[in-house]
Amino acid sequence: MKVAEAVGRALVAAGITQVFGVVGSGNFHPTNAMVAAGARFVAARHEGGAATMADAYARTSGTVAALSVHQGPGLTNAMTGLAEAAKSRTPLLVLAAEVTEPRSNFFVDQEALARAVGALPLRVTSAGDAVAEALTAVHRAVHERRTVLLNLPLPVQALDVPDDALDRAAPPPPRAAVEPARADVTALTQALDRARRPVFVAGRGSRSPGARDAIEALADHHGALLATSAVANGLFHGNPWSLDVSGGFASPLTAELVRDSDLIVGWGCALNMWTMRHGQLIAPDATVAQIDDDPSALGAHRDIHLAVTGDVERTARRALETAGEPRRGRRTPDIAEAIATRVRWRDLPYDDTSTRDRIDPRTLSIALDDILPAERVVGVDSGNFMGHPSMYLSVPDENGFCFTQAFQSIGLGLATTIGAALARPDRLPVAALGDGGALMGAADLDTVRRLGLPLVAVVYNDDGYGAEVHHFGPDGHPLDTVEFPPTDIAAVARGYGFDAVTVRTRTDLKAVADWVAGPRSTPLLIDAKVVKDRGSWWLEEAFRGH
């Protein structure tokens with residue numbers, strides 16, 4: 001057996017069952033070996049899309065996924081998606097063919113590329129060690145929550161492995177939950193017992209099974225209100241004390257209640273500039289605590305008063321075991337009424353600026369929230385529009401929202417939704433895109449159709465890069481470089497085999513309702529011509545973070 005085949009089979013034996021990629025000569029044999037060993041391979045139309053699909057699949061499924069790319073340009077094409085995955089600490093295995101001859105057209109320093117975006121570069125070095133090195137790559141991806149680049153040099157691929165090379169190939173043991181120190185739990189319990197207005201903010205580290213129940217139980221005991229970061233949107237769906245998302249997407253009431261807290265506890269949450277609005281949501285006299293099983297994450301974005309290294313669920317349960325008397329905290333009738341009526345953006349009054357030719361994105365989003373099935377998984381691209389689907393389209397839980405925004409690249413939204421859809425085939429996939437991002441990723445409309453996904457792509461089409469239009473336009477700068485002639489994106493989608501509808505008014509949405517009521521055998525694209533009279537409420541926060 002050749003190294004190429006042995007490595008492919010070893011990766012599947014190590015637990016990788018889903019692979020995305022674009023196959024060329026250099027990764028042909030290892031990819032086929034993975035398929036032969038039982039993995040599912042999804043061919044994307046561009047490596048950048050394949051990387052984001054793998055990232056989204058891993059986030060939504062909670063398992064490690066793989067990306068397979070050709071040497072040189074195959075890897076460079078994937079770099080934006082890899083940067084997003086690496087910045088998000090997504091457990092992802094990138095299998096890249098590699099040339100070793102500097103005079104080759106394909107030569108590039110692939111290790112340096114990986115390091116440049118925060119991924120971990122490893123290499124298969126010999127036939128005798130090939131399987132062990134592949135298993136090490138999967139182990140490190142899982143246990144260190146890293147995006148790992150496994151380089152597979154072309155000369156090594158053709159070597160013969162020992163006959164017993166695959167005998168010990170197996171999945172790595174599960175990542176052990178980190179038990180918090182007793183002293184840290186005591187300090188957290190004391191802070192909670194002192195607090196009169198506590199708020200819990202849960203992030204990506206709270207998406208593990210059992211974490212929600214543990215956090216809610218502790219919050220109930222201490223009368224804490226509940227919020228999430230954007231990436232954990234949906235975690236507390238249905239809880240009457242949920243403030244929804246904290247940060248740039250927060251409603252005015254949510255921002256007010258978080259800012260009025262005397263104790264903010266981040267559960268697997270970075271408490272970064274987005275979630276805390278550059279610190280504006282933290283009162284000067286508030287105590288800030290952070291719980292994370294990675295000690296390097298504690299205090300990484302801001303000064304904190306209490307750091308607890310520990311698994312989120314275990315820490316919450318240990319704190320509950322040592323808690324004092326139950327407290328009401330902010331859980332009063334007036335706060336309950338306010339949350340019920342003023343936390344959701346869709347419940348707040350607004351001036352509908354729709355015209356005969358263009359629809360207000362708020363009106364569009366609220367209508368779609370009512371029309372589309374509640375069991376959905378929503379992927380969101382980046383751009384001026386993104387706050388509307390993020391906060392107006394509800395999701396049933398934390399696995400209903402996939403937010404690939406750590407690198408803030410536009411063009412990832414469609415691929416994000418494809419990966420999430422494959423991880424959650426029981427839900428309707430909804431891709432929320434701007435016109436710029438939709439056209440950047442248009443090639444993978446073919447992937448949607450080829451896979452037979454009943455996907456709904458909603459394009460918030462304002463004929464330009466709206467973030468730049470609204471940021472620079474008020475100062476009188478010329479906008480020719482960021483505005484474009486109208487594009488019939490519905491026609492583009494039909495060319496790929498989609499059903500498509502152009503929406504200018506609420507009446508046009510009847511076609512969407514008809515599609516939902518039908519067999520949904522063909523994906524649907526909604527080319528929504530949205531008003532472009534103003535920037536989104538979160539836009540100022542976004543530009544302050546540059």
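Where is the place of arginine 277? Arginine 277 sits in the loop between strand S10 (263–267) and strand S11 (287–292), where strands (E, at least two residues) and helices (H or I, at least four) are DSSP runs numbered from the N terminus. This is a predicted model, in which local features need pLDDT of at least 70 and side-chain atom pairs count only at pLDDT 80 or more, while totals for chains, interfaces and linings use all residues. Residues are numbered from 1 along each chain as its sequence is written, and side-chain values use heavy atoms, with hydrogens and water left out.

Arginine 277 has a relative accessible area of 14%, so it is buried, a word that means under 20% relative accessible area with a 1.4 Å probe and protein chains only. A polar atom of its side chain lies 2.8 Å from the backbone oxygen of glycine 247.

Turning to the aromatic rings, those of Phe, Tyr and Trp (its six-membered ring) pair if their centres lie within 6.5 Å, and planes under 30 degrees apart count as stacked, over 60 as edge-to-face and the rest as tilted. The count by this rule comes to 6 aromatic pairs. In one of them, phenylalanine 249 and phenylalanine 403 have ring centres 6.0 Å apart and planes at 80°, so the pair is edge-to-face. These two residues are 154 residues apart in the chain, and both are buried. Ring pairs also link Phe249, Phe401 and Phe403 into a cluster.

Phenylalanine 385 and tyrosine 460, by contrast, form a stacked pair, with 5.4 Å from centre to centre and 25° between the planes. Tyrosine 460 belongs to strand S16 (residues 456–461), and both partners are buried.

How values were computed
Buried < 20%, exposed > 50% of the residue type's maximum accessible area, 1.4 Å probe, protein only. Polar contact = N/O pair within 3.5 Å; in protein donor to acceptor, adjacent residues only side chain to side chain.
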